[in-house]
Amino acid sequence: MGATEIALDVFGQWAKQNANYECELPPSIRDLGFDFGNRKTYHLMAMSVVLEMPAHMSRLQNEFLEMSDGSCSLPVAYTLGYSYLMQDKLDEWIALLDAKLAQNTLTGDRRANWLIARAHADEIRLGTRDPFMLVVDRPLDGRDHLDLAYLTAEDPDVKLRITREIVGRLAATTQFDMARSMLDKAAGTASADRASDIAGWLDSVAKLQEEYAAAEAASADNVKKSYIE
């Protein structure tokens, strides 16, 4: 309060430093939504922009979305995606992203974040426009953009970051075997210094799968017990 421009500058600078923000894998089956905690935060940021400081939406887009190398800042892109959705203008945001991706000068690793942002737009497309209601993502609706991002990326670390994005979405939709298969493949091509990261991700997915199987079994037992009673 009373320092709104400075507050936006702080967020913008943080977003630049974290432009290649990596998603979080689902922590448990009780919180199975994809990257739920962070997505909720970006949604709240968008709500503040749209309802309280609408001029900041233009500032975010014009000053903080595009990086100096032509890539984009994912935290800003996510915030703008929700902001456009709340105003029932998501098609305009999608058109902006498509126009950017159509530029011949945007190649290789610089396309990755734009494609991730484009995937996010598809994932929230059927979400509520009510700013006070949580947007329920459809995690796999933008999968084709993520696959394209993986194919066009050149840096192995960028490819691994996109793999994590896809794996997180697969885990959030209980496609655990497919998620583990992707990580197994990544382990065979990634550099040695990333082996521990991939092993940790594999462990997280395996634990999530075990937790999900146990919950399913308990649910079946409860249904059977209730039927007999």
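Tyr78 has 0% relative accessibility, so it counts as buried. Keep in mind that this is a predicted model.

**Aromatic pairs**

- The ring count for this model comes to six aromatic pairs.
- One of them joins Tyr21 and Tyr78 edge-to-face, with 6.2 Å from centre to centre and 85° between the planes.
- Tyr21 sits in the loop between helix H1 (4-17) and helix H2 (36-52), while Tyr78 belongs to helix H4, so this pair ties together parts that are 57 residues apart in sequence.
- Tyr21 is buried too, because its relative accessibility is 11%, and the cut-off for buried is under 20%.
- Tyr42 joins in as well: ring pairs link Tyr21, Tyr42 and Tyr78 into a cluster.
- Phe176 and Tyr212 make another aromatic pair, this one tilted, at 5.6 Å centre to centre and 55° between the planes.
- Because Phe176 is in helix H9 (residues 176-187) and Tyr212 is in helix H10 (residues 195-228), that pair ties together parts 36 residues apart in sequence.
- Phe176 is buried at 3% relative accessibility, whereas Tyr212, at 27%, counts as partly exposed.

**How H3 and H4 pack**

- Helix H3 (residues 55-64) packs with helix H4 (residues 74-86) at an angle of about 145°, and their axes are 10 Å apart.
- The handedness of this H3 and H4 crossing is left-handed.
- On the H3 side, the contact uses Met57, Leu60, Gln61 and Phe64; H4 brings Val76, Thr79, Leu80, Ser83 and Tyr84.
- Sort the residues of that contact by type and you get six nonpolar, three polar and no charged.

**The nonpolar core**

- In soluble globular proteins, nonpolar side chains tend to be buried together.
- Here, the largest nonpolar core has 58 residues, and the ones with the most contacts inside it are Leu60, Leu65, Val76 and Trp93.
- H4 supplies the largest share of this core, with nine residues.
- Val76 touches Phe11, Ala15, Leu60, Phe64 and Leu65, once you leave aside its neighbours within four places in sequence.

**Leu106, a buried loop residue**

- Look for Leu106 in the loop between helix H5 (90-101) and helix H6 (112-123).
- Leu106 is in a loop, yet its relative accessible area is 4%, so it counts as buried.
- Gly70 is 36 residues away from Leu106 in sequence, but their C-alpha atoms are 7.1 Å apart in space.
- Apart from its neighbours within four places in sequence, Leu106 is in contact with Gly70, Lys100, Leu101, Arg111 and Trp114.

**Two aspartates with positive phi**

- Most residues other than glycine have a negative phi.
- Asp35 has a positive value, with phi near 50°, and it is found in the loop between H1 and H2.
- With a relative accessible area of 2%, Asp35 is buried.
- Asp88 also has a positive phi, near 60°, and its place is in the loop between H4 and H5.
- Asp88 counts as exposed because its relative accessibility is 54%, and exposed starts over 50%.

Note on methods
Residues are numbered from 1 along each chain as its sequence is written. This is a predicted model: local features need pLDDT of at least 70, side-chain atom pairs count only at pLDDT 80 or more; totals for chains, interfaces and linings use all residues. Side-chain values use heavy atoms; hydrogens and water are left out. Axes are lines fitted to C-alpha atoms, for helices over the stretch in contact, and angles run from 0 to 180 degrees between N-to-C directions. Helices (H or I, at least four residues) and strands (E, at least two) are DSSP runs, numbered from the N terminus. A crossing is left-handed if the near helix is turned anticlockwise from the far one by less than a right angle, and right-handed if clockwise. Contact means heavy atoms within 4.5 Å. Ala, Val, Leu, Ile, Met, Phe, Trp, Tyr, Cys and Pro count as nonpolar, Asp, Glu, Lys and Arg as charged, and the others, Gly among them, as polar. A nonpolar core is a set of buried Ala, Val, Leu, Ile, Met, Phe, Trp, Tyr and Cys residues joined through side-chain atoms within 4.5 Å. Buried means under 20% relative accessible area, exposed over 50%, partly exposed in between (1.4 Å probe, protein chains only). Rings of Phe, Tyr and Trp (its six-membered ring) pair if their centres lie within 6.5 Å; planes under 30 degrees apart count as stacked, over 60 as edge-to-face and the rest as tilted.
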